[in-house]
Amino acid sequence: MNQANIQSQPCYILAVETSCDETSAAVVKDGKEVLSNLIASQIETHKAFGGVVPEVASRKHVENITLMLQEAVQAAGITPQDLSAIAVTQGPGLVGALLVGVVAATSLAFALSKPLIGTHHIAGHIYANNLVADLKYPCMALVTSGGHTELVYLEKEGHFEVIGRTRDDAVGEAYDKVARALGFPYPGGPHVDRLALESEEAVPLPRVWLEPDTYDFSFSGLKSAVLNVVNQRKMRGEPAAEGAIARGFQESVVEVLVTKSIRAVKSYHAKQLLLCGGVAANKGLRAELSRQCEQEGIELIIPPFKYCTDNAAMIGAAAYLKWKEQQFAGLDLRAMPQFSLEEWSVRA
């Protein structure tokens, strides 16, 4: 298909997301309009284990994926023949979970004789912002999720440069571990966020800045500091003070994330700051980042809650970048649990 035909015809991408514990299928039109976005969450299944069990997640994906693909197309009001391409999360993620999505998408692409687009999970989180606003380049993305905490510079559409990443725990992991120490079930992040916002007191906790010029993050030491506070209070027979601990932890995390993000925006002369990933649903982070960006005159884009956690609509939005350039995958597409974001960038 030549470039003129690509621009003149609507593009309907059926997207599949199975990188962790949500099975999701969506149809996205022209990379911007979400016609359907179905999500089957496994939270209740994994809550009993205190975290995601990869083998269980894969089994649940197998149970759900076929019906969800069918329902996503029906809910979009189109037929399978109307589809322009099939997109699927290729990585990063849990290898067994990724394989379910890759096999399903590859099989469907073959059966329908449609192009296949392997898509990067973090590119999806970033381009979830494109579902609600027009992105202006260059821009900076703050990625905050259970497995990733990164600052990503986008010089132009579809080109990614990771300028900072976590050296140990991702921020979402840190939230879950702190929540477990405070006695809350999985997923713990929302409980910590709620407590932090409700508490009038905060336990002082360290800010981990690392080297003066780095955009990297580290949350393992902060998590250990929280555990020390919890254990010391227990040994002294003092009240648990979950709210004060949660607020102290959240204030430390948010200050570091916000400060480094704003410094990166200024240093790289970015026109926008994009917040993305599951922790983008954190109310404390959203509020403080909004406040400081307004103070600094920085345009901040935050997707609604439904596009923060893992979903297939974001995969369809990112896959559209490859569709426009006709950069498709073969039917031998492999799941890549350690997939590099820079490697996935749209080829010039």
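Arg207 counts as partly exposed in this predicted model, because its relative accessibility is 29%. The side chain of Arg207 meets that of Glu255 in a salt bridge, with 2.8 Å from N to O. Since Arg207 sits in the loop between helix H7 (189–198) and H8 while Glu255 belongs to helix H9 (residues 242–267), the pair ties together parts that are 48 residues apart in sequence. Glu255, for its part, has a relative accessibility of 35% and therefore also counts as partly exposed.

A second salt bridge brings together the side chains of Lys223 and Asp169, at 3.4 Å from N to O. Here Lys223 lies in helix H8 (residues 220–235) and Asp169 in the loop between strand E8 (161–165) and helix H6 (171–181), so that parts 54 residues apart in sequence are tied together by the pair. Both Lys223 and Asp169 are buried. Arg233 also forms a salt bridge, in this case with Glu238, and the closest N and O atoms of that pair are 3.8 Å apart, which falls inside the 4 Å limit that defines such a contact. With a relative accessibility of 32%, Glu238 counts as partly exposed.

The cysteines give another view of the structure. A search of the whole structure finds zero disulfides. For Cys308, which is in no disulfide, the nearest cysteine sulfur is that of Cys276, 8.7 Å away, whereas a disulfide would require the two sulfur atoms to be within 2.5 Å. Cys308 is buried, its relative accessible area being 1%, and Cys11 likewise counts as buried, at 1% relative accessibility.

Helix H10 (residues 283–296) can be followed from one end to the other. At its N-terminal end the helix is capped by Asn282, a side-chain oxygen of which lies 3.0 Å from the backbone nitrogen of Gly284. The 14 residues of H10 reach 20 Å from the first C-alpha to the last, close to the 20 Å expected at 1.5 Å a residue. Within H10, the residues Gly284, Leu285, Arg286, Leu289 and Cys293 are buried. In general, an α-helix has 3.6 residues a turn, so residues three or four places apart point the same way. The cover over the buried residues of H10 includes H7 and H9 together with strand E6 (139–144), strand E9 (272–276) and strand E10 (299–301). Just after H10, Gly297 takes a positive phi of about 75 degrees.

Note on methods:
Residues are numbered from 1 along each chain as its sequence is written. This is a predicted model: local features need pLDDT of at least 70, side-chain atom pairs count only at pLDDT 80 or more; totals for chains, interfaces and linings use all residues. Side-chain values use heavy atoms; hydrogens and water are left out. Helices (H or I, at least four residues) and strands (E, at least two) are DSSP runs, numbered from the N terminus. Buried means under 20% relative accessible area, exposed over 50%, partly exposed in between (1.4 Å probe, protein chains only). The expected span of a helix is 1.5 Å times one less than its number of residues. Contact means heavy atoms within 4.5 Å. A polar contact is a pair of N or O atoms within 3.5 Å; within protein, one must be able to donate a hydrogen and the other to accept it, and residues adjacent in sequence count only if both atoms are side-chain atoms.
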